[in-house]
Amino acid sequence: LNKNELWKISKMNLSRDYLKELESYILFGFSGISRLADKHAKRKIENINNNKTDQQLHRILEIAKEAKSLFNKNEDFSKIGMLLNESWIEKKRLANGVSNDYIDEIYDVAINNGAFGGKLMGAGGGGFFFFMAPPKLHNKIKKSLAKIKVWVPFKIDHEGTQIIFRNGQNGI
């Protein structure tokens, strides 16, 4: 990918039923670690600027394209989840600190208990885990991950960003 190349955004026309089923496969939990994302993001940017991560970035892009193709075919979520796993492995190679032993242990326990794949949301080092797993295994995965104290219900927003508060309204 050329640094000067523009990104193209295209809408994926997925049925509401498919998206509803996708929601049922998602587990979203707080790792228990708050972190300074800017430190990890800075390392990744430095590595990108020094061409140290070209191979990983190209593979992540290919994985994203493959996942988009699978979504467009309403493909089975196990295949998409396995691509998510591949992408996480590549993301960890972008810079030191994206993951650590604690994060790796949580991830490995989820995979060993039935998750197809997952990732840590954000720059790395902590934050929220996003796992894809069969709904029938969610309780097993949650029980195996006692370190994750907060599981957040996951829903796809079909409306986009909205203003929910305006000055002068609601008595303010």
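Fold. I read the order of elements along the sequence as α-β-α-α-α-α-β-β-α-β. That is six helices and four strands. I note that the model is predicted. Of the 172 residues, 34% are buried. I also looked up contacts between residues at least 6 apart in sequence: 74% of them join residues at least 24 apart.

Core. Which residues of the largest nonpolar core touch the most other members? I found Tyr-18, Leu-22, Phe-71, Phe-77, Ile-80, Phe-130 and Met-132, out of 18 residues in that core. Helix H1 (16-25), strand E1 (26-30), helix H3 (54-72), helix H4 (77-92) and strand E3 (128-132) each give two or more residues to this core. Another core, of 16 residues, lies apart from it, and I listed Trp-88, Val-98, Phe-131 and Ile-141 among its members.

Phe-130. I checked its contacts, leaving out residues up to four places away in sequence. Phe-130 touches Ile-26, Leu-27, Phe-28, Leu-84, Gly-117, Gly-118, Lys-119, Met-121 and Phe-154.

H3 and H4. How do their axes cross? They come within 10 Å and cross at roughly 165°. Angles over 145 degrees count as roughly antiparallel, so H3 is roughly antiparallel to H4. The crossing is left-handed. On the H3 side, I noted residues including Gln-56, Arg-59, Ile-60, Ile-63 and Phe-71. On the H4 side, they include Phe-77, Ile-80, Leu-83, Glu-86 and Lys-91. By class, I logged eight nonpolar, two polar and six charged residues in this contact.

Notes. Residues numbered from 1 in each chain as written. Predicted model: local features only at pLDDT ≥ 70, side-chain atom pairs only at ≥ 80, totals over all residues. Heavy atoms only, no water. Core = buried A, V, L, I, M, F, W, Y, C linked by side-chain atoms within 4.5 Å. Buried < 20%, exposed > 50% of the residue type's maximum accessible area, 1.4 Å probe, protein only. Contact = heavy atoms within 4.5 Å. Axes fitted to C-alpha atoms, helices over the stretch in contact; angles between N-to-C directions. Parallel < 35°, antiparallel > 145°, perpendicular 65-115°, else oblique. Left-handed = near helix turned anticlockwise from the far one by under 90°. Nonpolar A, V, L, I, M, F, W, Y, C, P; charged D, E, K, R; others polar.
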